[in-house]
Amino acid sequence: MFDSHCHLDASEYDGDRSQVLARAHEAGLRGILVPGYEPSEWRKLSQFCAQDRLLTFGLGLHPWYLRELSESALCSALEELPTLVTQLRGAGCVAIGECGLDALHARRGGAAMVTQFRVLNAHLDLARETGLPPLLHCVGAHGAMLEVLEARGILVQGGVMHSYSGSAELVPRYAKLGLSFSFAGIVTRPEAKRPHRALCAVPRDRLLVESDGPDQASRASGSTRSEPAHIRHVLEAAAAIRGEPYADLVRDTTDNALRLFVRP
């Protein structure tokens, strides 16, 4: 198993992080990808991920954190990011992001969409230059996201629609661009029909799973906090929803992640 998206450096794990990692090892995980989300965290991630062989990371600017940056701070961050990615590739940096578009957050007082587009395009430029896959957050903006991506063409190195929230009908358009699709604890909820339909539309060779920890706790975990070991619940639910053997999904989602996130 491979957890393709977990904010394991979040404060929610401060009290028992070593136990969380121990449970991940016990569950048989092959890897955990920790996405970066804002500049003050970036340099810490290589040291954080050096503590355990399961951990790799991405570097990026999450749309939720853009409103906390002044224009000068944003310019400095976008200027620093390419240099830092280059420096840290040998230390476990395997992806660009988390980055993306969040129209819902913009409507609630977050960064304006024009700023989000600017930052997303900078990340996509960097992904193409470095050959690293982008980790794409998209909420309420799938039409806009597809417009940006389709104008750029195929991501030959691949990329991930993290915690995919789009429709089943959009899956072929994203897949044509080289993207994979990751699903989290929401698919363990019987009432989550839209994610279930999308999950069934994803080709097996483009399917990933994630904990999205500490968020999106699976129903079967009995916890309010998600953690990497819980992706077995996501896989069990996905196997039932897709009508496919659990062991096959474990094997293929792991292989998909290991192929996409090539560790230096």
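Strand E3 and strand E4 (residues 93–102) pair in the parallel sense over three bridges, where two strands count as paired if DSSP finds at least two bridges between them, and helices (H or I, at least four residues) and strands (E, at least two) are DSSP runs numbered from the N terminus. This is a predicted model, in which local features need pLDDT of at least 70 and side-chain atom pairs count only at pLDDT 80 or more, while totals for chains, interfaces and linings use all residues. Residues are numbered from 1 along each chain as its sequence is written, and side-chain values use heavy atoms, with hydrogens and water left out.

**The sheet**

- Eight strands make up an open sheet with parallel pairing, in the order E1-E2-E3-E4-E5-E6-E7-E8, and its edge strands, E1 (2–3) and E8 (207–209), each pair on one side only.
- Strand E2 (residues 31–34) is joined to E3 by three bridges, the two running parallel, and leucine 33 stands opposite threonine 56 in E3.
- The chain passes from E2 through H2 to E3 in a right-handed β-α-β crossover, a term meaning that, with the strands pointing away from the viewer, the path from the first strand over the helix to the second runs clockwise.
- Strand E7 (residues 179–183) runs parallel to E8 and is joined to it by three bridges, with serine 182 opposite leucine 208 in E8.
- Helix H10 (residues 246–260) lies across E1, strand E6 (159–161), E7 and E8, and runs at about 95° to E8; such angles run from 0 to 180 degrees between N-to-C directions, the axes being lines fitted to C-alpha atoms, for helices over the stretch in contact.

- Five of the five residues of strand E3 (residues 55–59) are buried, so the strand is largely enclosed by the rest of the structure; buried means under 20% relative accessible area, exposed over 50%, and partly exposed in between (1.4 Å probe, protein chains only).
- Leu55, Phe57 and Leu59 point one way from E3, whereas Thr56 and Gly58 point the other way.
- In a regular strand the side chains alternate between the two faces of the sheet.
- Leu59 and Tyr174 touch the most other members of the largest nonpolar core, which has 72 residues, and H3 gives the most to this core, with seven residues; a nonpolar core is a set of buried Ala, Val, Leu, Ile, Met, Phe, Trp, Tyr and Cys residues joined through side-chain atoms within 4.5 Å.
- Leaving aside neighbours within four places in sequence, leucine 59 is in contact (heavy atoms within 4.5 Å) with residues including Trp42, Leu45, Leu81 and Ala95.

**Salt bridges**

- The whole structure holds 15 salt bridges, each defined as a side-chain nitrogen of Lys or Arg within 4 Å of a carboxyl oxygen of Asp or Glu.
- Glutamate 80 forms one with arginine 43, their closest N and O atoms being 3.3 Å apart, and this pair links distant parts of the chain, with glutamate 80 in helix H3 (residues 71–88) and arginine 43 in helix H2 (residues 39–49), 37 residues apart.
- A network of salt bridges links Arg204, Arg242, Glu244, Asp248, Arg251 and Asp252.
- Glutamate 244, partly exposed at 21% relative accessible area, is bridged to arginine 242 with closest N and O atoms 3.0 Å apart, and arginine 242 is buried at 14%.
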